[in-house]
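This report is for a reader who meets this structure for the first time. Please look over the sequence and the structure before reading on.

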Amino acid sequence: MALKLLKSFVSSIPTHWCLSMLLLLYQASHKTAFASTTTRLGRNETDRLALLSIKAQITQDPMLITSSWNDSRHFCQWKGVLCSQRHLRVTRLNLESYNLAGFISPSIGNLSFLRIVKLKNNSFQGGIPHEMGRLFRLKFLDLSINLLEGQIPGNLSHCHNLRILVLDQNKFIGNLPTELGSLSQLVALTILSNNLTRPIPASFGNLSSLQLFMAGENMLEGNIPGSLANLSTQLQHLIVAGNKISGSIPVDIGNLVSLNTLGLFDNQLTGSIPTSIGRLHKLQLVAFGGNRLSGEIPSSIGNLTLLNDLGLEENNLHGNIPLTLGNCKALLRMNLSNNNLTGSIPREVIGLSSLSIYLDLARNSLSGPLPQEVGNLRNLGFLKLSHNKLSSKIPSSLRSCVSLQYLYLDNNSLKGVIPQSLESLRGIEELDLSDNSLSGEIPKFLGSLPFLRKLDISFNDLEGEIPVGEVFQNASAISVSGNNKLCGGIPVLELPSCPDDQPRKKKMPLGLALLIPTVCGVFSIILTSSILILCWLRKMRKQPSVASSLMDSWGTRLVQQRDISELVESQISSVGTKGTIGYVAPGNPHVYQIGVACSEQLPRERMTIVDAVRELHLAKDILLERRTWSNVSKYSTAGSPPIDKTSSSMKYFHN
């Protein structure tokens with residue numbers, strides 16, 4: 001009975017009420033679990049609130065990185081946040097490359113346990129909060145590739161443990177804070193591509209742990225501080241290129257014996273290159289281009305046997321290229337262009353087989369022949385010797401430079417022909433031989449180089465026909481102007497047509513050319529007259545009156561020297577033509593056609609003497625009636641007589 005009452009009570013409870021109770025039980029258990037997690041992890045309100053303040057200053061979060069920054073989980077579990085295991089305090093904030101935008105909240109200074117901050121490659125703007133100077137545990141700060149502006153706060157010097165400071169590619173202005181010179185543990189300071197001005201602080205000579213200093217592409221002024229020589233044992237990379245730094249290169253730079261990279265290009269440096277540079281035996285890159293340096297290249301530079309890259313272009317250096325550069329057998333690239341260097345190209349330098357990227361000696365006053373040792377550059381991709389005074393022939397040893405893609409020998413005094421040996425340069429893309437004294441024909445192999453897309457051979461003394469080939473069909477890829485003996489090519493080149501190369505038949509002398517038709521004509525008239533007279537004599541016996549009138553007619557026309565065609569027409573009107581060419585009745589125009597064929601102006605159209613005699617004999621036979629009218633009837637009925645089209649005489653008459 002009791003069981004039935006219980007079942008009845010349970011069935012009377014609404015279903016939705018049960019579901020509500022279950023939901024309440026779940027929420028209670030979840031809160032209990034979160035509370036236990038919070039108790040287990042600890043809950044520092046300072047760090048949590050600081051992070052929420054940082055989130056509040058982020059105005060754009062397309063990847064929803066901070067969507068997890070809420071009370072549903074402990075802040076140590078928020079994305080981009082890392083906490084220490086012991087104190088459960090925020091030690092790392094990594095929001096790199098999330099396309100975030102907004103401002104860096106001053107509350108970041110409350111994360112007092114922070115050691116690493118990475119906000120690189122976002123769109124944060126505004127300035128660096130001064131409150132960051134409170135982060136005395138900070139070791140790594142990377143704010144590069146953002147839109148930050150204003151001055152770099154000097155109180156970053158309070159971050160005594162700071163080792164890496166990266167502020168590249170922002171919009172910082174003003175000077176480099178002198179206070180940063182107190183960061184004795186700083187290993188790397190890079191502030192590339194900003195708008196910083198004024199000199200490099202002398203206090204940076206106190207950065208005793210500094211290994212990397214890059215401040216290129218700013219507007220820094222003044223001299224290179226001599227105090228940097230104090231960083232003799234640690235500094236490995238010094239790059240202050242692309243500024244307005246003036247003065248000379250400090251002689252004491254030779255004290256930086258650990259230096260690996262020295263980049264001073266695109267400044268306003270003057271004076272000579274100090275010979276003390278030869279003491280920097282670990283140097284792999286020297287870049288002094290784009291300054292106003294003068295004097296000679298010091299021979300001590302040959303001591304840099306580990307050197308990979310040497311750039312001294314666009315200065316006022318003079319004198320010879322030092323032979324000692326041949327000792328730099330690790331060189332991959334060398335650029336000495338746009339100076340006032342003279343003398344010949346040393347064999348020891350042009351023969352450095354290690355050069356594999358580029359060699360540029362253009363726009364100097366180098367003279368003499370291009371040494372055969374250039375053939376040692378088997379791995380070189382770029383060779384430019386333009387605008388010098390090089391003479392003699394292009395060396396055939398260039399055939400060995402099979403890796404060349406770009407070869408510029410223009411604006412020199414090179415002579416001779418374009419050597420066939422260049423055919424080996426199958427990978428060449430650009431070839432410039434313009435403004436030399438090259439002669440001979442353009443080699444045909446240039447048209448078959450598979451990758452050649454630019455060819456300049458203008459202003460030489462080349463001759464002959466433009467070859468065929470892909471590069472010669474593209475007006476934008478080729479330049480041949482200034483070669484007055486060239487012909488042919490595509491119309492846009494506007495060159496004259498080439499003469500016919502076919503061997504011409506020997507021209508017949510004018511006298512003989514006139515004699516042949518004259519003889520043929522006279523012979524035809526005499527033979528025709530003889531035949532007609534013979535016919536008249538035979539017919540005289542039967543029809544004296546007709547023969548007499550015919551004689552008068554012929555005599556009158558001959559005396560008056562009328563056109564033969566009139567005679568033929570009179571004969572045609574008196575007798576008429578039967579059949580087609582192959583037979584014409586007496587008074588036949590065949591004789592006239594023979595005369596015309598013998599009188600043609602062009603030899604190939606003129607009938608030969610042999611053919612003329614043959615045709616005249618045929619006409620005589622017709623007139624002497626050796627062919628019967630039955631043959632005429634047959635030809636007339638059949639339509640056309642059989643014609644031997646292979647006969648040499650038929651080519652003059654057959655329509």
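This is a predicted model: local features need pLDDT of at least 70, side-chain atom pairs count only at pLDDT 80 or more; totals for chains, interfaces and linings use all residues.

**Strands**

An open sheet is formed by four strands in the order E21-E23-E25-E27, with parallel pairing. Strand E21 (318-319) and strand E27 (389-391) stand at the edges with a single partner strand each, so one side of each has no neighbour in the sheet. Within this sheet, strand E25 (residues 365-369) runs parallel to E27 and is joined to E27 by three bridges. Serine 367 has lysine 389 in E27 as its bridge partner.

The bridge partner of glutamate 465 is cysteine 487 in E35.

**Cavities**

How many cavities of 30 Å³ or more are there? The count comes to four. Two of them are compared below.

| Cavity | Volume | Lining residues by class |
|---|---|---|
| Largest | about 60 Å³ | eight nonpolar, one polar, one charged |

The lining of the largest cavity includes Ile224, Pro225, Gly226, Leu228 and Asp252. Residues that line the second largest cavity include Ile54, Ile58, Phe103, Ser105 and Phe124.

Methods. Residues are numbered from 1 along each chain as its sequence is written. Side-chain values use heavy atoms; hydrogens and water are left out. Two strands pair if DSSP finds at least two bridges between them. Helices (H or I, at least four residues) and strands (E, at least two) are DSSP runs, numbered from the N terminus. On a 1 Å grid over the protein atoms alone, a cavity is a set of points where a 1.4 Å probe fits but cannot get out, and a pocket is an open set with protein on both sides within 12 Å along at least five of seven lines; lining residues have an atom within 4 Å of a point. Grid points are joined across faces, edges and corners, and a volume is the space filled by probe spheres set on the points. Ala, Val, Leu, Ile, Met, Phe, Trp, Tyr, Cys and Pro count as nonpolar, Asp, Glu, Lys and Arg as charged, and the others, Gly among them, as polar.
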